[in-house]
Each structure stands twice: as C-alpha cells, then as structure tokens.
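I opened this structure for the first time today and kept a notebook of what I looked up. The entries follow the order in which I went through it.

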Amino acid sequence: MIAKRIIPLFLLKGGRLVKGTQFSGPFVDVGDPLSQAMIYDAQGAEEIAMVDIEATSQGRCIDAGVINAMIRKCRLPISAGGGISTLAQANACFAAGADKIIVNTGAVANPEFVRQLAREFGAQSIVASVDFRRHGEALVPYTNSGTTRLDRDLAPLLQELVEAGAGEIILTSIDREGTLSGPDLEVYASLTAKLPVPLIASGGIGSYDDMVDLFRQSDCSACALGKMLVLRDYDIVRIKAYLTGRKIPVRDA
Amino acid sequence: MKIGVVNISIGNVGSVLEAFRFLRHDAVAVSDPTMLEGCDLLALAGVGNYSTAMGKLTTLGFAAELDRLVKAGTPLLGICLGMQLFADQGFEDGVTKGFGWLPGTVEKISSTRAKIPHMGWNTVNPVRPELFEGIENSTFYFMHSYHFLAANPEDVIATVTYDDTKLVAAVKRDNVYGVQFHPEKSQGDGLRFLKNLLESIA
C-alpha cells in the first residue's frame with residue numbers, strides 16, 4: 001500500500017533555513033539546510049522539499065550547490081525550487097541532483113512553461129506549487145511569494161497546470177502558513193477529489209490530529225510540515241507512531 | 001568492484017554514485033561510451049521522457065556500446081526509466097524502440113481511481129526473493145507515470161500494487177537487472193537492495 005508522505009518543507013533565505021508566518025517576517029533562523037536534511041532523512045521523512053524564498057524577487061534561481069550537498073549526504077528524494085523560470089535553470093537543478101523541481105511564479109504566470117518542462121524531464125519530475133488566500137468564498141491564487149494577486153479562480157488554474165504536465169501540486173494556504181492553526185481542510189477535500197495528480201497540503205499543520213484530520217477528510221497524498229517541525233517539539237518518528245495508531249497508512253522507517 | 005554509471009544528463013546520476021560509494025565501491029560517472037568497457041557493473045539511471053532518453057543514448061553512442069557489453073555478459077542495472085528502456089518499445093511521446101533485452105512494452109499506468117504519477121513509498125512484493133533478502137520493510141520510492149509490461153512473466157522478480165493495479169517493480173534476466181523504484185533514494189531498504197545485488201554478481 002502506498003504510504004502517506006510526510007515532507008519537511010525547507011524555506012531557504014541567504015543560505016540558511018528560516019521560518020516566518022503567512023509568508024511574512026520576522027523570519028527566524030532555524031538552521032543549516034544540510035544538517036537539518038540529514039536529521040529528517042535519519043528520522044524517516046519521505047522526501048524533503050526546499051524552496052529559496054528570495055530567488056524570484058532577486059531575479060535568480062535556487063543555488064545548485066545546496067541541492068548537490070544534500071543529495072550527497074541524504075538517501076531520500078529532494079525536490080527543489082525558487083525562481084526557476086527557464087529550461088536551463090531547471091536543467092541545472094536536475095544536474096545538481098534534484099529529483100523533482102518545484103515551480104511556482106514561473107509556472108502559474110505561464111502554464112506553457114510547465115508543458116516544456118514536462119516534455120523535457122517528464123511530468124513526474126515537475127511539481128507545481130500554488131499559493132492561495134481566501135477572499136470571502138473565493139479562493140484566489142497569488143504569485144511572487146504572496147505579493148501578486150491573480151485575477152482568476154484557483155480550481156481552473158490547478159486544472160490548467162495539470163493539463164500542461166504538472167505531476168504533482170503543492171497547494172499552500174497563505175492565510176494558514178506558519179500559524180499552526182490547522183490546514184484548510186475544506187479546500188483540500190474538495191480540490192483533491194477533482195485532481196488526477198497527487199496533492200500535497202501545505203500551510204497551518206500544527207498538531208498530530210491536524211494530520212489525522214487531513215488524511216481522513218481528504219485524499220491528499222502528502223503533507224508539508226514547516227513550523228511544527230522546526231520550531232516545536234515534534235519529530236517524524238513520533239508523528240508516524242501517532243498516525244499509525246490512528247490507522248493512517250504511513251511507512252515504517 | 002568498479003561501477004560505471006551512464007551520465008547523459010537524464011536524471012540523478014549523483015545519487016546513484018553516492019549510494020554505491022556509501023557501500024564502499026568505486027563508482028564513476030561515465031560520459032564517454034568507450035569508458036564503459038572494464039566495469040564490473042553498469043548502471044543506467046534516469047527519469048524523464050522515454051523518447052528523449054533513447055534519442056540521447058543513441059546519438060551519444062551509448063546505446064550501441066551498452067547493447068554490445070550486455071550481450072557479452074556484463075551485468076547492468078537499470079533504474080526507473082533506465083529499466084523501462086530494456087523493453088521492445090515505449091509509448092511515451094509516440095512510439096520509441098527500446099533495447100529489446102526483455103520482451104515487453106512501456107505504457108501509461110491505466111487506473112480509473114488512482115492518482116498518476118505513482119508517486120511515493122510503496123511496498124514491494126518479491127516474486128523471487130534473492131535480491132530482497134534481509135530487507136526490513138520492503139518499502140521503496142517510486143516516481144513514474146509509465147510502467148513496464150513484461151511479455152515474459154519469468155522476467156519479473158518483484159511487483160508492487162498501486163490502488164487496484166499490479167505493476168512490475170523489478171526484473172531480471174541473466175545479467176540484466178532492472179528496478180522501477182529508486183534504490184538510491186530509498187534509505188535503508190534501498191541500500192540493502194544494492195548491497196544484495198553487488199554481492200550476487202561478485
């Protein structure tokens with residue numbers, strides 16, 4: 001049986017891992033990317049996802065060196081992103097050892113880019129990351145680290161990205177991110193039912209029961225964890241023990 | 001043991017090298033097909049597109065050299081797309097001729113309910129157990145939308161069930177070994193699988 005994935009989500013800023021709230025500062029330093037990756041690998045995380053949160057605004061993409069250092073020391077899949085907007089940048093990430101690349105602003109603004117990436121590298125290597133806020137009843141996508149509002153609805157955007165070749169979607173609630181107040185269950189439950197690719201829930205997960213609720217009430221394939229792991233007293237081993245006790249299919253490691 | 005890992009930038013050569021080095025073997029990335037001769041084990045790893053990968057292997061001269069060495073008896077491990085290329089034909093982006101070492105085709109996973117790609121850690125069920133001895137949980141990392149349909153069931157040494165579909169997880173015929181999962185990305189179980197393979201050909 002395929003296991004639900006627990007994915008530490010690393011936010012990279014100036015070569016260090018940081019954590020903020022709702023995509024804003026103050027950003028707390030939470031450690032060195034390589035040593036943290038080795039710790040979560042040893043604890044039995046299913047993957048690590050890493051995004052350089054300054055890359056797009058600085059007009060560059062994530063540094064290949066940090067990806068390469070990680071794949072040399074870790075035996076788990078690494079997905080990496082931040083500022084990827086050309087095939088050459090994607091290729092540099094794969095050459096450095098990324099198993100998957102994460103595209104956000106470059107893909108959401110131009111789904112045709114996803115089509116090119118999928119044709120070159122295969123859909124299974126392309127993760128589309130989409131951030132949204134609630135405006136009343138409407139779910140509104142944002143790009144550029146939550147600063148640019150798109151004039152369209154979330155659901156058709158996701159469909160378009162999947163149709164273009166995204167093999168997976170990370171969907172982040174900006175309202176919940178870093179708040180530990182629980183994921184936006186309603187959104188994940190309704191959207192994953194409509195999507196033919198795996199969906200990774202991100203934003204707001206702050207307790208064991210948040211994960212139990214997420215996996216019971218939605219068909220999400222994975223959850224991304226940030227603050228709960230890096231600034232609270234949780235680890236992957238205890239999370240999995242709890243989920244196993246609640247009959248959520250997770251992997252022994 | 002000297003292990004030559006084919007390096008044509010179709011995926012994660014670095015992780016494969018590091019996994020073999022962790023097991024204290026001499027693994028090298030090979031970018032020139034003439035350097036494959038003399039290796040005790042060849043590895044063909046890759047993610048990506050079937051036709052793109054086969055095109056690059058042919059253009060760079062790897063396809064002919066790999067075919068020659070495999071037919072001469074050199075052990076070869078194919079990982080993910082690398083294993084799929086063993087087939088007669090792949091159906092990703094049109095029809096592409098594969099190496100034809102193992103009869104069969106590579107087609108898109110057809111499942112009515114399950115999410116595609118088959119992505120994440122899944123339990124592998126060995127049919128022939130020799131390469132899976134001592135493996136604790138038998139969970140391995142998969143990331144693929146296409147799968148190998150073996151014409152000869154005896155070539156299949158392990159399967160994996162995804163939703164309601166049984167997929168080929170590992171194949172073996174003589175000196176040709178292939179895995180759909182990524183042992184280099186599968187933590188302890190993955191390393192143990194590679195160790196078993198290296199011991200079996202030593």
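The entries below go from the conventions to each chain, then to the cores and the contact between the chains.

**Conventions.** I note first that this is a predicted model, in which local features need pLDDT of at least 70 and side-chain atom pairs count only at pLDDT 80 or more, while totals for chains, interfaces and linings use all residues. Residues are numbered from 1 along each chain as its sequence is written, and chains are lettered from A and ligands numbered from 1 in the order in which they are written.

**Chain A, overall.** I looked up the secondary structure and found ten helices and twelve strands in chain A; helices (H or I, at least four residues) and strands (E, at least two) are DSSP runs, numbered from the N terminus. The radius of gyration of chain A is 17 Å, close to the 18 Å that the globule rule gives for 253 residues, so chain A is as compact as a globular protein of that length. I wrote down that this radius is taken over C-alpha atoms, and that the rule is 2.2 Å times the number of residues to the power 0.38. The C-alpha trace of chain A spans about 45 × 45 × 40 Å along its principal axes. Of its 253 residues, 55% count as buried; a residue is buried if 20 or more other C-beta atoms lie within 10 Å of its own, exposed if 12 or fewer, and partly exposed in between, with C-beta atoms placed from the backbone.

**The cores.** A nonpolar core is a set of buried Ala, Val, Leu, Ile, Met, Phe, Trp, Tyr and Cys residues joined through C-beta atoms within 7 Å. The largest has 81 residues, and among those that touch the most other members are Ile7(A), Ala166(A) and Cys223(A). Strand E1 (residues 5-13) of chain A gives the most to this core, with six residues. Apart from it lies another core, of 68 residues, among them Ala3(A), Cys39(B), Ala87(B) and Phe181(B).

**Cys223(A).** I followed this residue, which lies in strand E12 (residues 222-225) of chain A. Cys223(A) counts as buried because it has 25 C-beta neighbours inside 10 Å. Leaving aside neighbours within four places in sequence, its contacts include Ile6(A), Ile7(A), Ile200(A) and Leu214(A); two residues are in contact if their C-beta atoms, placed from the backbone, lie within 7 Å. Cys223(A) and Ile6(A) are 217 residues apart in sequence, and 5.5 Å apart in space from C-alpha to C-alpha.

**Chain B, overall.** I counted five helices and 13 strands in chain B. A compact globule of 202 residues would have a radius of gyration near 17 Å, and the 15 Å of chain B agrees with that. Its C-alpha trace spans about 45 × 40 × 30 Å along the principal axes, and buried residues make up 54% of the chain.

**Strands of chain B.** Four strands form an open sheet in the order E6-E5-E7-E10 (chain B), with mixed pairing; two strands pair if DSSP finds at least two bridges between them. Strand E6 (96-97) and strand E10 (146-150) of chain B stand at the edges with a single partner strand each, so one side of each is left without a neighbour in the sheet. Strand E5 (residues 89-90) of chain B runs antiparallel to E6(B), joined by two bridges, and Gly90(B) has Thr96(B) as its bridge partner there. Elsewhere I noted that strand E8 (residues 118-126) and strand E9 (residues 139-144) of chain B pair in the antiparallel sense over six bridges, with His144(B) in E9(B) as the bridge partner of His118(B).

**Between the chains.** The contact takes 32 residues from chain A and 30 residues from chain B. On the side of chain A that touches chain B, the elements that give two or more residues are helix H2 (64-73), helix H3 (87-96) and helix H5 (111-121) of chain A.
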